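Hi there,

Here is the structure I promised to pass on. Have a look at it first, and my notes follow below.

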Amino acid sequence: MKKVFLMLCLLGIILPYYQLLLFIKGGGSIEQFWTEAFASYPSSMLAMDLSVAAFAFLIFLIFAKVQNRIKRLQFTKYLICLFLVGFSLALPLYLYDNYEK
């Protein structure tokens with residue numbers, strides 16, 4: 001199962017950043033990114049769904065840190081992954097690190 005989580009980590013980096021690179025190559029800007037992210041009801045739904053899931057994971061991490069269930073270095077690692085790459089890396093990495101604990 002750890003191999004599956006590791007593959008999901010890799011996909012969580014590659015797939016979103018591939019789409020971002022295509023967007024940038026197409027002349028996209030930050031303003032255009034946010035405009036297009038909420039341009040239709042389906043894209044807004046996906047953006048909001050992902051935002052709530054990422055926020056819930058952030059709250060979970062903070063709670064786990066306060067309860068001393070994860071160390072400061074682990075907390076920092078997941079936080080960096082969440083904000084620099086996204087939920088698509090942070091959650092699979094957490095699952096990879098904590099599988100069979």
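Axes here are lines fitted to C-alpha atoms, for helices over the stretch in contact, and angles run from 0 to 180 degrees between N-to-C directions. This is a predicted model, in which local features need pLDDT of at least 70, side-chain atom pairs count only at pLDDT 80 or more, and totals for chains, interfaces and linings use all residues. Residues are numbered from 1 along each chain as its sequence is written, and side-chain values use heavy atoms, with hydrogens and water left out.

The protein has five helices and zero strands (DSSP runs numbered from the N terminus: H or I of at least four residues for helices, E of at least two for strands).

The axes of α1 and α5 come within 8 Å and cross at roughly 165 degrees. That makes α1 roughly antiparallel to α5 (the term for angles over 145 degrees). Residues in this contact (heavy atoms within 4.5 Å) include F5, C9 and P16 of α1 and L89, P92 and Y96 of α5. By type, the contact divides into 11 nonpolar, two polar and one charged (Ala, Val, Leu, Ile, Met, Phe, Trp, Tyr, Cys and Pro count as nonpolar, Asp, Glu, Lys and Arg as charged, and the others, Gly among them, as polar).

Finally, along its principal axes the C-alpha trace of the protein spans about 45 × 25 × 20 Å, and from the N terminus on, its elements run α-α-α-α-α.

Happy browsing!

Terms used: Angles under 35 degrees count as roughly parallel, over 145 as roughly antiparallel, 65 to 115 as roughly perpendicular and the rest as oblique.
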